[in-house]
Amino acid sequence: MKISISNENKITAARGMTGLFIEDINYAIDGGLYAEMLENANFEARDVSGKRDNYRELHDCGYGWEAFPSGADVKLKIKTDRALFPENPHYMRIDAGAAGTGITNRAYDGIYLEKGVVYRVSFYARSYNYKGTVSVGIYGGDVLLLGKKFKLKADGKWRRYEFRAKSKTEFDRAIFAFTLGGAGIIHVDCFSMMPENAVLGVFRRDLVKLMKDFKPGFLRFPGGCVVEGNNLDNRYLWKNSIGQKERRKHNWNRWAVHATDESNNFRSAYSHYGQSLGVGYYEYFRLAEYLGAKPLPVVGVGIACQYMSTQFVPLDSPELETYIQDALDVVEFARGGTDTVWGRVRADMGHPQPFALEYLGIGNEQWEDRGNEFYKRFELFEKRIHEKYPDIKIIGTVGPTVGTSTHESAWEWTREQLEKNPDFVYASDEHFYVSPEWLYANTNVYDGYPRNARVCAGEYAAHVPGSGCALFNAPQANVWEGALAEAAFMTGMERNADIVVMASYAPLFARLGYTQWSPDLIWFDGKDSYATANYYVQQLYSLYTGDFVLKTQTDGTEKIYASASEREGMTFVKVVNASDEETEAEIGGDFDFGALARIIRLEGELTDYNTLEEPFKIAPTEIAPASARTVTLSPRSFNVLVFMK
């Protein structure tokens with residue numbers, strides 16, 4: 001078969017169109033990207049249950065903590081009087097009946113110690129009468145692996161204690177314990193255990209490395225549904241996510257009540273899932289800067305998640321001004337000078353120079369429904385933002401589905417606004433979780449989009465029927481069948497890079513045993529992590545998309561999909577062979593694009609997927625070219641062909 005490329009009428013590609021999207025789902029941040037190793041470290045956990053418009057939030061502040069050793073004479077009580085920090089007022093009273101007793105933290109699946117890594121452990125304690133010692137220890141069985149003893153001062157004041165220690169051994173699922181040297185009563189709060197090799201002092205190193213290796217063009221955050229909240233009180237308040245870590249007000253996570261129904265008494269296995277906000281907007285902007293990605297923060301518009309709630313702030317309510325001001329203040333926090341209120345806050349946190357903020361997402365998966373007047377409120381947000389920041393590129397939304405009446409209505413409204421004001425939005429956010437068959441059938445869908453409006457495919461993934469998609473803890477949902485279909489669909493995205501200017505798979509992270517949604521790009525536990533076949537497909541698009549997209553045609557061979565782009569003397573041709581047959585492909589063109597220099601290939605059986613035990617079962621491999629212009633395409637393969645002059 002033949003693939004023809006042409007440099008006539010080529011289009012300029014949006015630099016960095018393939019990005020990453022971080023949402024705190026599947027314990028992606030607390031328990032994942034945030035390198036804090038302890039769970040419910042500040043005693044603010046909630047136990048949340050319920051269903052649409054009816055959620056029950058109970059304090060369960062001792063969650064994750066229990067007496068140590070098991071069955072010891074230790075009485076534990078949560079208190080709030082004379083709190084350490086009013087934003088997070090709960091702390092624990094420990095009444096130890098004997099020396100060597102105290103508390104232990106479940107730390108998700110237990111502590112993983114890496115040999116040679118230094119760990120920093122800290123806590124706050126208050127004693128009125130107890131004048132003895134306390135000890136922090138990390139134990140492998142009965143063996144103390146690292147620890148420290150402290151002498152408390154019985155003056156009734158909160159005091160902070162800290163130590164650093166290098167692990168001399170590797171140990172998985174160790175135990176964290178805090179004990180008293182004798183019988184007595186003390187108060188404790190705000191424990192922390194962080195590896196000192198955490199990226200920027202905040203982020204888990206192996207997970208950030210996978211993000212860095214991806215070379216994302218942009219980084220969308222914090223959602224997703226957490227932006228909207230299950231109700232408006234539960235929405236993501238970015239101003240609560242900045243400042244001193246211990247004073248960031250705890251919030252229960254919207255995904256704590258995912259998939260609740262009568263069968264589980266409206267209470268999920270993840271009912272304690274919370275947000276410590278140890279990774280907030282400041283850390284997010286720093287991470288984007290570290291990755292070399294453009295930040296894409298998303299703010300709410302006063303409408304709670306429309307799948308989970310009917311709440312919204314009426315358009316004529318003075319309360320809506322709070323939401324608009326929050327959006328304006330995000331921009332000021334990111335790039336305002338030190339003579340501005342929020343620019344000074346950023347500078348005081350350690351970053352006096354502005355962050356390079358170009359984009360701002362307004363709303364997540366909103367649509368016009370039940371009197372929420374979404375279109376009018378969006379127009380109000382857009383007007384106010386562009387009055388103050390005319391250069392900000394707003395990312396709009398056309399709802400959570402494609403090919404529906406709400407989707408079509410949203411696009412009609414968007415295009416009407418763009419005709420009146422070409423800067424109304426830079427792009428509109430489409431979300432689609434669909435079958436492989438849908439992706440194959442719609443590889444040319446963007447060919448027919450009007451050229452006066454751009455697309456941000458902010459969330460999408462192939463969901464393979466029968467593989468465990470959208471279920472709990474299903475790494476097998478990341479089968480090659482789905483990733484291959486995504487690769488084929490993305491050829492259509494690339495061919496229409498003047499329209500599809502941003503694209504990010506979702507979700508990004510999933511902690512094994514703590515997952516509400518499958519499939520996901522990266523899976524991990526407390527020790528290890530691995531990339532999926534879907535990750536490698538996305539990464540190859542990120543690494544090998546040029547500055548200009550070339551017109552591409554195939555000879556009609558069934559189940560062959562292709563796109564091409566060029567950059568600085570190199571031409572990248574991406575070819576998906578979705579058939580079960582080996583195919584010989586000849587690459588031709590109306591210009592000299594050089595000879596085939598490299599072939600990067602992903603291939604496998606449709607049911608294959610990566611695991612912790614086989615992390616590279618499907619991963620890119622280099623194939624030596626056998627010809628200057630022809631290549632053998634393996635069955636069920638995704639190929640990146642690099643031609644050089």
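Predicted model: local features only at pLDDT ≥ 70, side-chain atom pairs only at ≥ 80, totals over all residues.

Residues are numbered from 1 along each chain as its sequence is written, and side-chain values use heavy atoms, with hydrogens and water left out.

Entry on the largest pocket. I looked up pockets as open sets of points on a 1 Å grid over the protein atoms alone, where a 1.4 Å probe fits, with protein on both sides within 12 Å along at least five of seven lines, and lining residues as those with an atom within 4 Å of a point. The largest pocket holds about 880 Å³, volume being the space filled by probe spheres set on the points, which are joined across faces, edges and corners. Of its 42 lining residues, Tyr34, Glu36, Ser192, Lys245 and Gly278 are the closest to the centre. I found that β15 gives the largest share of this lining, 5 residues (strands are DSSP runs of E, at least two residues, and helices runs of H or I, at least four, numbered from the N terminus).

Entry on the second largest pocket. Its volume is about 450 Å³, and of the 26 residues that line it, Tyr112, Pro195, Arg204, Asp206 and Gly526 are the closest to its centre.

Entry on Thr443. I placed Thr443 in the loop between α9 (436–441) and β23 (455–462), and I count Thr443 as buried because its relative accessibility is 6%, where buried means under 20% relative accessible area with a 1.4 Å probe and protein chains only. Leaving out residues up to four places away in sequence, Thr443 touches Ala488, Phe489, Gly492, Arg495 and Tyr561, a contact being heavy atoms within 4.5 Å.

Technical notes: Buried < 20%, exposed > 50% of the residue type's maximum accessible area, 1.4 Å probe, protein only.
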